[in-house]
Structure formats: structure tokens, C-alpha cells
Amino acid sequence: MLPLDRVWHSNSSGIQMLSVQPDTKPKGCAGCNRKIKDRYLLKALDKYWHEDCLKCACCDCRLGEVGSTLYTKANLILCRRDYLRLFGVTGNCAACSKLIPAFEMVMRAKDNVYHLDCFACQLCNQRFCVGDKFFLKNNMILCQTDYEEGLMKEGYAPQVR
């Protein structure tokens with residue numbers, strides 16, 4: 001494998017793949033704290049890593065395989081795609097219309113971007129937790145209860161599967 005050393009963004013760090021020299025003392029992995037006895041190791045953020053231990057906090061991809069950079073923000077180590085998805089230029093919140101700073105974590109629903117605090121049912125203000133169902137109807141975020149009530153008022157019965 002070729003060494004990985006390109007840097008894409010000011011919030012990114014280069015990843016280098018190094019060949020372990022047989023006569024050197026094994027280095028400790030920053031991810032698992034075990035000694036690295038593999039043929040190759042990764043160097044990133046001035047630390048050493050097993051190839052399997054340097055992963056994106058969101059998608060769990062092995063960062064040494066997906067490119068030559070990793071991104072760090074809010075104590076997260078991320079791949080480029082997830083960094084841009086979470087922290088890229090986001091524009092205005094679809095619920096409150098206020099500007100969302102690029103450093104702020106956001107929620108997305110289709111083309112809409114929301115502050116974390118604004119990502120709630122726009123009828124009853126119920127906040128969503130990880131795994132909760134939500135519906136996007138006429139560009140409004142709705143909880144399941146309000147969505148189904150709206151369908152009932154329109155004369156549609158929700159399908160139960």
C-alpha cells in the first residue's frame with residue numbers, strides 16, 4: 001500500500017500508513033491500547049493505530065481504507081463524508097429559519113436541515129429520540145400521532161403492517 005498523506009481541509013489530519021520495522025519496540029494503539037504487532041500501522045493525530053481501530057465515529061468505516069484524511073470535531077473522529085454531513089455549511093434551519101453555524105451538529109430530513117433543538121414535531125413540540133419515527137408532510141416534521149391524526153382528518157386511515 002502507498003503511504004496516505006494528503007490533507008483536504010483545515011479541520012482534517014493526514015493519515016500515514018507505516019510499515020512496522022521488525023527491530024522496533026511495538027507501539028501502543030490509541031484506539032484499543034494494545035500493542036501493534038501487525039505488519040502495518042496507521043499514524044494519525046500524532047498517535048499510532050491498528051488499521052481496524054482507526055474508524056469513523058458515525059459510519060464505522062476504516063479511515064485508512066476510504067482516503068487519506070480524517071476529520072476531528074467535538075471529540076469525534078470522522079470520515080470526510082460524515083464530517084461534511086454533520087458540520088458542513090448548512091444554511092438556515094427549516095423550522096426556525098435562523099442561521100445554523102457550520103460547526104453545529106444538525107438533523108436532516110430530505111433537503112431540510114434543522115438545529116438539534118428544532119428537530120421536533122411542529123404541532124405538539126415532541127422531541128425525537130434516536131429510533132423514533134417522524135414524518136415529513138408539506139415540509140413539516142410530524143410525530144407519528146399527529147401524522148396519523150392528520151390522515152384521519154383527511155379521510156385516510158393509516159395502514160398498519
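**Entry 1: the overall layout**

I counted three helices and 10 strands in the protein; helices here are DSSP runs of H or I with at least four residues, strands are runs of E with at least two, and both are numbered from the N terminus. Reading from the N terminus, I wrote the order down as β-β-β-β-α-β-β-α-β-β-β-β-α.

A note to myself on the ground rules: this is a predicted model, so local features need pLDDT of at least 70 and side-chain atom pairs count only at pLDDT 80 or more, while totals for chains, interfaces and linings use all residues. Residues are numbered from 1 along each chain as its sequence is written, and side-chain values use heavy atoms, with hydrogens and water left out.

Next I looked up burial: 29% of the 161 residues count as buried. Buried means under 20% relative accessible area, exposed over 50%, and partly exposed in between, with a 1.4 Å probe and protein chains only. I also checked contacts, meaning heavy atoms within 4.5 Å. Among those between residues at least 6 apart in sequence, 27% join residues at least 24 apart.

**Entry 2: salt bridges**

How many salt bridges does the structure hold? I found five, taking a salt bridge as a side-chain nitrogen of Lys or Arg within 4 Å of a carboxyl oxygen of Asp or Glu. Side chains of opposite charge can pair when their charged atoms come close.

I began with Arg62, which forms a salt bridge with Asp52, the closest N and O atoms being 2.4 Å apart. Both residues lie in the loop between strand 4 (47–49) and helix 1 (63–66), so the pair ties together parts that are 10 residues apart in sequence. Arg62 is partly exposed at 24% relative accessible area, and Asp52 is partly exposed at 47%.

Arg62 also meets Glu65 in a salt bridge, at 3.1 Å from N to O. I noted Glu65 as exposed, with a relative accessible area of 53%. When I followed the links, I had a network of salt bridges joining Glu51, Asp52, Arg62 and Glu65.

Arg127 is partly exposed at 46%, whereas Asp117 counts as exposed at 59%.

**Entry 3: Asp82**

Is Asp82 buried or exposed? I looked it up in helix 2 (residues 80–87), and at 1% relative accessibility Asp82 counts as buried. Leaving aside neighbours within four places in sequence, Asp82 is in contact with Cys56, Cys58 and Cys59.

**Entry 4: the largest pocket**

I put the volume of the largest pocket at about 260 Å³. A pocket is an open set of points on a 1 Å grid over the protein atoms alone, where a 1.4 Å probe fits, with protein on both sides within 12 Å along at least five of seven lines; lining residues have an atom within 4 Å of a point. Grid points are joined across faces, edges and corners, and the volume is the space filled by probe spheres set on the points.

Among the lining residues I listed Met105, Met107, Phe119, Arg127, Phe128 and Asp132. The lining divides into nine nonpolar, one polar and two charged residues. Ala, Val, Leu, Ile, Met, Phe, Trp, Tyr, Cys and Pro count as nonpolar, Asp, Glu, Lys and Arg as charged, and the others, Gly among them, as polar.

I stayed with Phe128, which is found in the loop between strand 8 and strand 9 and is buried at 14% relative accessible area. Beyond its neighbours within four places in sequence, Phe128 is in contact with residues including Phe119, Phe134, Ile141 and Cys143. Phe128 and Cys143 are 15 residues apart in sequence and 8.0 Å apart in space, C-alpha to C-alpha.

**Entry 5: positive phi**

Most residues other than glycine have a negative phi. I noted Leu45, with a positive phi near 60°, in the loop between strand 3 (40–44) and strand 4. Asn125 has a positive phi of about 65° and is exposed at 57%.
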